[in-house]
Amino acid sequence: MHEQLINPTLEKFRAEFREEPEHIFLSPGRINIIGEHVDYSDGFVLPAAIDKYICFAVRKLPQTNLCTIIAKDLGEEYTFDVTKEIKPVQQMWMNYILGVFSQLQQQENQFCGMEIVFSSTIPMGSGLSSSAALECGFAYILNELFDLHLTRKEIAVIGQRSEHTFAGVQCGIMDQFASVFGKENKVIMLDCNSLEHQYFDADLKGYSLLLFDSCVKHSHLTSGYNERRKDVEHGKKVLWEKFPEVEKFRDFTTTMLDSAKEEMGSVSHKRCLYLLKEIKRVEMAAKAISEGNIEYLGRLLAETHAGLSTEFEVSCNELDFLVENTLQQEGVLGARMMGGGFGGCSINLIQEDKAEKVIQAISEKYLEHFNIQMKVYQVKISDGIKEYTNEYII
């Protein structure tokens, strides 16, 4: 199943380093069924790891302090000295890795040189968290190679912190958590405040999750992600000044929010209203999945999209078009934009035997309207980060 990714990564490693790698690791991307932008607001989210991966081929070099990392898909490489202080660099992809290394280096762990080649089937900029897969995959590699005794939770937090410090994106914990904690055919309901989590069987009863890639690329740094966070933080500050007895953001009511609208302004009010409603939707979606009520799950997805588009304002014309037209097709229960926004994918809950028809109809409409060829990703819910061997998967 993984050979199409692993074999070219192995070949690149052999060609560059004239040796066999000692380890192969697979670090997955993720989908989020529901719960968008609430992972930095004490909310619940419902993500799952998927069968799109970054593959790392790795060899330890005890005789040197140099670590060479080759990004096969980008045709780029970077070498750094594991004994020197680490600082951000121009290559953004490398900052995700260096941000992880910097934290572990500060804990006075002893490292030696390494050779690493990585390649990916996670489409960049499509909202499937290639950055979290890269950060957490690298943290997992260091943990395994150097016996750092990190827990999976610590690996997720290290990945998140790398994004904050070296990539400059104030992301929540969801992406990293899903990449590390994913389980085959299970969705994770994660409390982003306590990091407590539980698994639910992802039995979609004859429906499947399809991703429609708008092929409008975005970067969180330029897409207004950090701006939305400022709007939300301002709203929270006003709420807590007015209602200091409330412990968590998710415990505010919409009545409380409305009473603070004048002080916080209409923009922050709108952002916080979306978040409070979305947190409740996640709880209802987890219940719907556990009870096999897939129709209700579909309705919740559509409600989320409406909120992301009109209240949180992180959608775009292309995504709105995809969602609106997909919801009109026979056999579709729900659709919404997924990820940070301003491009990327929609996630669609579609009856399996109607999927081809829907794909064809939406592809044609999208091409006609925007002159863009939509991409389609069929994803399966899979395990989190693991080491791969020829005999078995660890």
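Visitor: Which residues of helix H11 are called buried?
Guide: Helix H11 spans residues 317-327, and its buried residues are Glu318, Leu319, Phe321, Leu322, Val323, Asn325 and Thr326. Buried means under 20% relative accessible area (1.4 Å probe, protein chains only). Helices are DSSP runs (H or I, at least four residues), strands likewise (E, at least two), numbered from the N terminus.

Visitor: How do you know which numbers and atoms to trust?
Guide: This is a predicted model, where local features need pLDDT of at least 70, side-chain atom pairs count only at pLDDT 80 or more, and totals for chains, interfaces and linings use all residues. Residues are numbered from 1 along each chain as its sequence is written, and side-chain values use heavy atoms, without hydrogens or water.

Visitor: What covers the buried residues of H11?
Guide: The cover includes strand S9 (207-213), helix H10 (294-310), strand S10 (332-337), strand S11 (345-351) and helix H12 (355-370).

Visitor: How is the protein divided into domains?
Guide: Domain 1 takes 1-201 + 382-387, and domain 2 takes 207-378. The bounds come from an automatic or database domain assignment. The C-alpha centres of the two domains are 26 Å apart. Domain 1 gives 37 residues to the contact and domain 2 gives 46 residues (contact: heavy atoms within 4.5 Å).

Visitor: What area is buried between domain 1 and domain 2?
Guide: About 3300 Å², with 65% of it from carbon and sulfur atoms. Buried area is the accessible area (1.4 Å probe) lost when two parts are put together, summed over both. On the domain 1 side, Ile34, His37 and Tyr40 supply 20% of the area buried against domain 2, more than any other three residues.

Visitor: What makes the meeting of Glu36 and Arg336 a salt bridge?
Guide: The rule wants a side-chain nitrogen of Lys or Arg within 4 Å of a carboxyl oxygen of Asp or Glu. Glu36 and Arg336 meet at 2.7 Å, N to O. The pair therefore qualifies. Across the interface of domain 1 and domain 2, the rule finds two salt bridges.

Visitor: Why is Cys215 called partly exposed?
Guide: Its relative accessible area is 23%. Cys215 sits in the loop between S9 and helix H6 (225-242). Its phi is positive, about 60°, although Cys215 is not a glycine. Most residues other than glycine have a negative phi.

Visitor: Is Asn371 buried or exposed, and how do you know?
Guide: Exposed, because the relative accessible area of Asn371 is 67%. Asn371 is in the loop between H12 and strand S12 (375-378). Its phi is also positive, near 60°.

Notes:
Buried means under 20% relative accessible area, exposed over 50%, partly exposed in between (1.4 Å probe, protein chains only).
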